[in-house]
Amino acid sequence: MRDSETAWRGALYGPEGFFSRGAVPADHFRTAPLIGPELAEALLVLLDRVDFALGRPARLDFVDVGAGGGELSAAVRALAPGPLGRRLRVTAVDIGPERSLPGVRWTRELPSRVEGLLIGHEWLDAIPCPLVTGPHDDPWLARWWPLEPGWRAEVGAPRDAAWADAVSRVRGAALAVDYGHLRADRVAGRYRSGTFAAYRDGRQVTPVFDGSCDLTAHVALDACAEAAGGDRVLVSQRDALAALGLTATAEGTGLAWLESAARASRVAELRAVGGLGSFGWLLHGVGVPVSELLPPLPAWQP
Ligand SMILES: C[S@@+](CC[C@H](N)C(=O)[O-])C[C@H]1O[C@@H](n2cnc3c(N)ncnc32)[C@H](O)[C@@H]1O
């Protein structure tokens with residue numbers, strides 16, 4: 001019998017895999033880039049801070065790893081203001097089929113060097129892991145998710161390695177945005193059934209490893225943070241968006257009432273407690289202090 005990580009990888013990225021065949025989140029679930037331009041607007045505020053801290057280099061990167069349909073890359077490209085936009089190189093990285101987006105470079109491999117901002121938006125949850133049942137002697141579990149007999153878990157080591165590799169290529173900042181959990185809650189048994197799950201056509205379904213559904217699991221973002229190391233913060237999307245100027249108030253936007261109400265409702269969805277607002281933002285500064293990118297914020301509590 002194939003091991004669970006191999007089966008998961010084949011089901012998503014093998015020849016008949018879910019993502020290899022071109023499935024994008026827009027067809028099956030709703031991610032923040034699909035809601036509207038507001039996430040891109042906030043990331044451009046963050047990118048401008050990174051750019052300033054780097055001394056406004058001649059070429060500035062925005063790299064979107066696990067880009068899916070490329071909506072985030074396309075929005076950042078379209079919304080980047082003049083002077084920054086002229087120096088900006090937007091790269092979408094995905095192992096699924098290439099998409100043609102104006103002004104966006106599409107690749108299957110991470111660039112070797114990134115000067116600017118690298119983001120993995122709901123990327124790490126799509127990296128397959130071993131699925132195990134306790135008791136188990138895996139060293140990652142011993143450190144991050146000690147298991148009582150009968151508890152189920154995902155061994156997050158492949159995500160840690162992927163994130164550490166991505167961050168090691170960056171000068172500027174690297175940001176992982178995802179749903180996830182923290183060690184204290186894992187140890188306390190809050191996730192004793194594990195978090196492995198499957199989605200198809202917008203609904204949660206029973207996981208099958210045949211390429212017919214997305215397979216995912218929450219991310220141990222605290223473990224990813226330690227693996228990549230360096231200066232970093234782990235905060236909620238709700239707080240991070242507010243710190244980047246995205247609040248639900250319609251005032252001062254200069255938009256007509258109907259449009260400003262629609263915008264306020266999109267921002268509220270991005271910041272909803274228990275929903276997208278409870279996603280973790282793991283932000284590393286590389287050659288740039290994180291304190292120049294975000295003000296002090298409460299620690300993430302998923
Ligand atoms: C859940 S989707 C997220 C898409 C998009 N970022 C969003 O939020 O709408 C995860 C994406 O990560 C891609 N992916 C997974 N592992 C990857 C890797 N090692 N390199 C590049 N892309 C990868 C998948 O093909 C898939 O498109």
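Here are some notes on the predicted model above, point by point.

1. Ground rules. This is a predicted model, so local features are taken only at pLDDT of at least 70 and side-chain atom pairs only at pLDDT 80 or more, while totals for chains, interfaces and linings use all residues. Residue numbers start from 1 along each chain, following the sequence as written. Helices (H or I, at least four residues) and strands (E, at least two) are DSSP runs, counted from the N terminus.

2. The sheet. What is the strand order of the open sheet? Going across, the seven strands come as β3-β2-β1-β4-β7-β14-β13, and the pairing is mixed. Pairing here means that DSSP finds at least two bridges between two strands. The edges are β3 (104–107) and β13 (231–236), each of which pairs on one side only. On average, neighbouring strands are turned by 15 degrees against each other, ignoring direction; axes are lines fitted to C-alpha atoms (for helices, over the stretch in contact), and angles run from 0 to 180 degrees between N-to-C directions.

3. Strand β14 and its two partners. β14 (residues 280–286) runs antiparallel to β13, with six bridges joining them. In that pairing S236 has G280 as its bridge partner, and V233 has L283. With β7, the pairing of β14 is also antiparallel and covers seven bridges; A176 is bridged to L282 of β14.

4. How enclosed is β14? Seven of its seven residues are buried, so β14 is largely enclosed by the rest of the structure. (Buried means 20 or more other C-beta atoms within 10 Å of a residue's own, exposed means 12 or fewer, partly exposed is in between, and the C-beta atoms are placed from the backbone.) Both faces are covered: G280, L282, H284 and V286 are buried on one side, and W281, L283 and G285 on the other.

5. Helix α5 on the sheet. α5 (residues 71–79) packs on the sheet and touches β1 (60–65), β2 (88–93), β3 and β4 (114–121), with its direction at about 170 degrees to that of β2. Contact means that the C-beta atoms of two residues, placed from the backbone, lie within 7 Å. Seven of the nine residues of α5 are buried, so this helix is largely enclosed by the rest of the structure. The buried ones are E71, L72, S73, A74, A75, V76 and R77. They pack against α3 (32–35) and α4 (38–53) as well as β1, β2, β3 and β4.

6. V104 sits in strand β3. Is V104 buried or exposed? V104 is buried, having 21 other C-beta atoms within 10 Å. Setting aside neighbours within four places in sequence, V104 is in contact with G70, S73, A74, R77, V90 and A92. For scale, the C-alpha atoms of V104 and L221 are separated by 28 Å, and the two residues are 117 apart along the chain.

7. Helix α8 and its neighbour α10. α8 (residues 157–168) also packs on the sheet, touching β1, β4, β7 (170–178) and β14; its direction makes about 150 degrees with that of β7. α8 packs with α10 (residues 221–228) at an angle of about 45 degrees, the axes lying 8 Å apart. That makes α8 oblique to α10 (under 35 degrees counts as roughly parallel, over 145 as roughly antiparallel, 65 to 115 as roughly perpendicular, and the rest as oblique). The contact is made by R159, D160, A161, W163, A164 and V167 of α8 with A223, C224, A227 and A228 of α10. By class, that contact has eight nonpolar, no polar and two charged residues. (Ala, Val, Leu, Ile, Met, Phe, Trp, Tyr, Cys and Pro count as nonpolar; Asp, Glu, Lys and Arg as charged; the others, Gly among them, as polar.)

8. Backbone spots worth a look. A cis peptide bond joins G134 and P135, with omega about 0 degrees; P135 lies in the loop between β5 (131–133) and α7 (139–144). E122 is not a glycine, yet has a positive phi of about 50 degrees. E122 lies in the loop between β4 and β5, and is buried, with 21 other C-beta atoms within 10 Å. D201, also not a glycine, has a positive phi of about 50 degrees. D201 lies in the loop between β9 (197–200) and β10 (203–205), but is exposed, with 9 other C-beta atoms within 10 Å.
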